[in-house]
Amino acid sequence: MRRFALIAVPYVWLLALFLVPFIIVFKISLSDLALAIPPYTPTMRDGIGDMFAAFDFENFVFLTEDDLYWKAYLSSLRIALISTFMTLLVGYPIAYGMAKAPDEWRATLMMLVILPFWTSFLIRVYAWMGILSNEGLLNQFLLWLGLINEPLVILNTNMAVYIGIIYTYLPFMILPIYAALDRLDESLNEAAEDLGCSRMQAFWLVTIPLSKNGIIAGSFLVFIPALGEFVIPSLLGGSGTLMIGKILWEEFFNNRDWPVASAVAVVLLLILVIPIVLFQRNQQKQAEAEQ
Amino acid sequence: MKRMSWFNVTSLTLGFAFLYLPMIILVIYSFNASKLVTVWAGFSTRWYGELVQNDAFLDAAWVTIKVAVMSSTLATVLGTMAAYVLVRGGRFLGRTLFSGMIYAPLVMPEVITGLSLLLLFIGIGLDRGVLTIVLAHTTFSMCYVSVVVSSRLVTFDRSLEEAALDLGCSGWDAFRLVTLPIIAPAVISGWLLAFTLSLDDLVIASFTSGPSATTLPIKIFSAVRLGVSPEINALSTIMIAIVTVGVITASLVTKRNAVRAEADTRAAERAQA
């Protein structure tokens with residue numbers, strides 16, 4: 001009896017507040033926009049039979065017909081891919097440096113990587129607004145150095161979105177790579193060098209392949225949330241920055257078109273299933289390899 | 001001692017400068033006397049004064065803390081139960097679905113979680129306010145709690161529980177007296193994680209809050225959309241200070257406990273010898 005309650009309470013909670021809401025989103029994505037409250041038709045009140053009869057894929061057809069949506073999906077994918085790659089380029093040397101640091105520093109370095117993670121996401125994105133603006137500190141600094149003659153326009157462009165994603169998701173990239181590098185046996189590199197590899201060759205042929213799992217895990221941890229990101233494109237990006245999270249928000253709050261917003265959500269979810277399944281598989285394989 | 005190559009020193013220096021400079025700049029400019037955030041006009045605590053008098057921000061801060069305390073506490077209870085079911089529950093009907101529902105919210109875009117919960121609340125006619133935000137935050141943060149707690153439960157020596165049961169404890173007593181004290185650090189970090197997630201959340205709160213309840217992130221977001229403001233810098237500085245003090249204290253306490261545990265083990269070994 002007690003075991004039943006232990007299972008049932010969290011189970012029912014998640015069913016009611018996680019699964020059922022999704023079914024509702026799916027249902028509304030098949031309905032039509034209506035000038036009513038709630039602003040869609042048919043509703044449950046029309047009777048179950050009529051409700052199902054009135055369902056159609058009109059909203060999904062609409063998504064394929066209007067340029068805006070598929071461009072937004074493609075541009076989200078592109079932005080997420082490019083920024084994941086850039087985060088890897090920035091994060092790998094940091095993780096590598098941490099793994100090579102003296103033992104007594106490591107706990108402190110680890111804390112320094114985790115600390116930003118506990119700080120408000122919104123504030124960390126906001127911090128860049130003052131730096132990247134036309135009169136911002138970065139431009140002031142570059143003008144002072146004499147590297148540029150007029151301020152660079154960075155804020156409200158895709159470049160600012162890349163910087164924002166790299167900055168906020170960097171700890172997610174560093175930690176798994178550090179974990180992989182930390183376990184690496186130093187003598188393998190020495191062996192490679194003894195056998196005639198240069199330092200660089202040993203790094204590419206030994207270190208990189210052996211930290212592969214960390215690279216894969218870190219990349220997924222950045223790519224998956226970056227794809228549906230809303231705060232970064234809406235604060236740092238401009239009107240030209242198309243990201244699907246922002247489109248969904250605007251469709252819902254500004255246009256009040258719930259059926260289309262729901263259809264946008266369903267398609268985003270379908271796109272996300274692929275990287276999520278790949279990530280899960282990778283994690284499972286790694287867990288099995290460790291046993 | 002290992003010597004670090006210049007390459008590693010450079011990459012660590014640049015990396016941590018990149019992570020910390022934006023926040024340091026934000027903190028410095030919160031003490032700027034000028035309204036123009038990019039021009040330095042001398043030291044002043046003026047914005048902190050204005051912040052303290054801003055009732056809208058104080059109200060929002062109060063709502064945020066209330067929501068965070070309630071949702072993280074509920075999430076810790078539910079998440080610990082879920083972790084226990086996942087690790088110790090054995091087989092039951094719909095186990096795969098259950099574990100799927102635990103892991104899915106971790107990778108779900110916030111816009112989708114927010115939208116779906118809002119549609120549910122409207123569907124069942126629940127007025128949006130503090131309650132709906134608490135329900136929403138509990139749902140996603142219980143999954144984080146359960147991941148943290150189950151990673152501790154997996155490494156936990158089950159025979160300790162069995163010993164307690166053999167010695168006449170009831171199942172609940174064995175959990176309360178043996179299991180809970182051992183998994184307590186994970187439960188506490190789960191609570192802290194749930195608490196920060198709730199404090200931080202903008203997107204899900206925006207979908208599930210009504211006009212009667214505005215949280216601090218919603219307030220900050222609507223202010224920041226119009227551009228950088230020194231008042232927000234002051235508010236951010238206070239939040240950064242709280243987090244920094246919290247994290248440093250927590251790591252010092254963990255370190256002290258680790259040192260103490262080690263000293264205990266050594267003392268025990270000496271006593272045996």
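In the predicted model, the secondary structure of chain B consists of 11 helices and zero strands. Read along the sequence, chain B therefore gives the pattern α-α-α-α-α-α-α-α-α-α-α, counted over DSSP runs. Its C-alpha atoms occupy a box of roughly 70 × 65 × 35 Å along the principal axes. The radius of gyration of chain B is 23 Å, whereas a compact globule of 273 residues would have one near 19 Å. Buried residues account for 39% of the 273 residues in chain B. Of the contacts in chain B between residues at least 6 apart in sequence, 77% join residues at least 24 apart.

Within chain B, one helix pair was examined through its axes. Helix α4 (residues 95-107) of chain B packs on helix α6 (residues 130-154) of chain B at an angle of about 110 degrees. The two axes lie 8 Å apart. This angle makes α4(B) roughly perpendicular to α6(B), since the range for that class is 65 to 115 degrees. The crossing of α4(B) and α6(B) is left-handed. From α4(B), the contact takes in I102(B), P105(B) and L106(B). These meet T139(B), F140(B), C143(B), Y144(B), S146(B) and V147(B) of α6(B). By class, the contact of α4(B) with α6(B) has seven nonpolar, two polar and no charged residues.

V63(B) sits in helix α3 (residues 55-88) of chain B. V63(B) is buried, because 22 other C-beta atoms lie within 10 Å and the cut-off for burial is 20 or more. Leaving aside neighbours within four places in sequence, V63(B) contacts V130(B), A213(B), T214(B) and T215(B). L216(B) lies 153 residues from V63(B) along the chain, yet their C-alpha atoms are separated by 7.8 Å.

Chain A has 14 helices and two strands. The radius of gyration of chain A is 24 Å, well over the 19 Å that the globule rule gives for 291 residues, so chain A is more spread out than a compact globule. A box of roughly 75 × 65 × 35 Å, taken along the principal axes, holds the C-alpha atoms of chain A. Buried residues make up 43% of the 291 residues in this chain. Residues 24 or more positions apart supply 72% of the contacts in chain A with a separation of 6 or more.

The axes of α4(A) and α8(A) come within 6 Å and cross at roughly 45 degrees. The helices α4(A) and α8(A) are therefore oblique to each other. α4(A) passes α8(A) in a right-handed crossing. The contact of α4(A) with α8(A) has 22 nonpolar, four polar and one charged residues.

In the second pair, helix α11 (residues 212-227) of chain A packs with α14(A) at an angle of about 155 degrees. Their axes are 10 Å apart. An angle over 145 degrees counts as roughly antiparallel, so α11(A) and α14(A) are roughly antiparallel to each other. The crossing of α11(A) and α14(A) is left-handed. On the α11(A) side, the contact residues are N213(A), I216(A), A217(A), F220(A), F223(A), I224(A) and L227(A). They meet L272(A), P275(A), I276(A), F279(A), N282(A), Q283(A) and Q286(A) in α14(A). By class, the contact of α11(A) with α14(A) has 10 nonpolar, four polar and no charged residues.

A loop position in chain A was also considered. I154(A) lies in the loop between α7 (137-145) and α8 of chain A. With 19 other C-beta atoms within 10 Å, I154(A) is partly exposed, because burial requires 20 or more. I154(A) touches L132(A), M159(A) and A160(A), not counting residues up to four places away in sequence. F141(A) is 13 residues from I154(A) along the chain, and their C-alpha atoms are separated by 14 Å.

The two chains meet at an interface. In it, 61 residues of chain A are in contact with 58 residues of chain B. The elements giving two or more residues to the chain A side are α1 (2-29), α4 (67-100), α5 (103-118), α6 (121-132), α8 (158-182), α12 (231-235), α13 (244-253) and α14 (258-290) of chain A. The largest share of that side, 17 residues, comes from α1(A). By class, the side of chain A that touches chain B has 51 nonpolar, seven polar and three charged residues.

Note on methods: Residues numbered from 1 in each chain as written. Chains lettered and ligands numbered in written order. Predicted model: local features only at pLDDT ≥ 70, side-chain atom pairs only at ≥ 80, totals over all residues. Contact = placed C-beta atoms within 7 Å. Helix = DSSP H or I, 4+ residues; strand = E, 2+ residues; numbered from the N terminus. Nonpolar A, V, L, I, M, F, W, Y, C, P; charged D, E, K, R; others polar. Axes fitted to C-alpha atoms, helices over the stretch in contact; angles between N-to-C directions. Parallel < 35°, antiparallel > 145°, perpendicular 65-115°, else oblique. Left-handed = near helix turned anticlockwise from the far one by under 90°. Rg over C-alpha atoms; globule rule 2.2 N^0.38 Å. Buried ≥ 20, exposed ≤ 12 C-beta atoms within 10 Å, placed from the backbone.
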